[in-house]
Amino acid sequence: MDGRIADAGASGHRLPIRWGDTRSHETTFLGGGVSPVLMGYDAVLLDNDGIITRMTDRAVLARAVRGAFRDLGVRDPDPADVDALVVGVTPELLEEIAGRYDLDPAEFWYRRDLRSSMVQIRELRSGKKALYDDVAALADIPLPMGIVSSNQHRTIEAILEHYDLQDRFGTYYGREMDPASLARKKPATHYLDLAVADLGASEPIFVGDSESDIQAAAAAGMDSVFVRRDHRDGFDLAVSPTYEIASLSELPRILNGDPRPTH
Ligand SMILES: [Mg+2]
């Protein structure tokens, strides 16, 4: 199967290499400098959870939400409310749930994010929030790279430090721990735009494992790569990424403008 989504060109996505448009081309030597390769992209931005590190179990994150309720004196929150605050929280939902318990949304959200970050850092140190093996393939990509995550910024910082990846990424963004950040996270382009500006990129590509990653990339006018890892097996994407791959080890091939499958 061709790695490139068949209708990506027709739906308005840029082709990765536009022959004849020399302005966007850069001649780069890959594979030990054996052959010159035309690169269509000048930066790679990646999601974190499900791409760089494994995702954290919902049960662990739910524990952090219950802890935040407890911090503010709510001993027995509705399990449905706890579940709703684990992932994909909108400012409106936060407002509604906090209001139901007579909590200040900003104070509650800060506790929720802080506890969520703390449990994830604990998972990191115990080896449960592991790095995917194929992250090693990023070393073969001679382009500036960055991370744009909807996780807390402090969590992303801890991950990069724990796995000694600070030098790999020229910039990285997670959310601030306030309700306003919920409107800025993907699928919004806010943090993507900041990362692109930091890297000075004009032809970036975004790599993610969620619909919101692909939506954010499209909204920012960027091409995208959907990585269908095991946890996305059978997952029906409602939006079309420019490429779909099974592993980051296929990423250097795409960036070389060669969408042929490796298997
Ligand atoms: Mg993800």
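User: Which residues form one aromatic cluster here?
Analyst: Phe69, Tyr101 and Phe108 form that cluster. Rings of Phe, Tyr and Trp (its six-membered ring) count as a pair if their centres lie within 6.5 Å. Please note that this is a predicted model, in which local features need pLDDT of at least 70, side-chain atom pairs count only at pLDDT 80 or more, and totals for chains, interfaces and linings use all residues. Residues are numbered from 1 along each chain as its sequence is written, and side-chain values use heavy atoms, with hydrogens and water left out.

User: How many aromatic pairs does that rule give?
Analyst: The count comes to four aromatic pairs. Phe226 and Phe235 form a stacked one, at 6.4 Å centre to centre with 25 degrees between the planes. Planes under 30 degrees apart count as stacked, over 60 as edge-to-face and the rest as tilted.

User: Is Phe226 buried or exposed?
Analyst: Phe226 is buried, with a relative accessible area of 0%. Buried means under 20% relative accessible area, exposed means over 50%, and partly exposed lies in between (1.4 Å probe, protein chains only).

User: Which charge lies over the face of Phe235?
Analyst: Arg232 does, at 5.0 Å from the ring centre. Arg229 lies over the face of Tyr132, at 3.7 Å from the ring centre. The criterion is NZ of Lys or CZ of Arg within 6 Å of the ring centre and within 35 degrees of the ring normal.

User: Changing topic: what coordinates the magnesium ion?
Analyst: Asp47 (OD), Asp49 (O) and Asp209 (OD) coordinate the ion at 2.0 to 2.2 Å. Donors are N, O and S atoms within 2.8 Å of the metal (3.2 Å for Na, K and Ca); water is not among the atoms, so sites may look incomplete.

User: What spacing do the donors follow along the chain?
Analyst: The spacing is D-x1-D-x159-D. Helices (H or I, at least four residues) and strands (E, at least two) are DSSP runs, numbered from the N terminus. Asp49 and Asp209 are buried.

User: In what order do the strands of the open sheet run?
Analyst: Six strands form the sheet in the order 5-4-3-6-7-8, with parallel pairing. Two strands pair if DSSP finds at least two bridges between them.

User: Which strands stand at the edges?
Analyst: Strand 5 (171-175) and strand 8 (243-245) do; each has a single partner strand, so one side of each lacks a neighbour in the sheet.

User: And what does strand 6 pair with?
Analyst: Strand 6 pairs in the parallel sense with strand 3 over four bridges, and with strand 7 (residues 223-227) over four bridges. Ala43 has Pro204 as its bridge partner, Leu46 has Val207, and Ile205 stands opposite Asp223 in strand 7.

User: Why is strand 6 largely enclosed?
Analyst: Five of its five residues are buried, so strand 6 is largely enclosed by the rest of the structure. Pro204, Phe206 and Gly208 cover one side, and Ile205 and Val207 are on the other, all of them buried.
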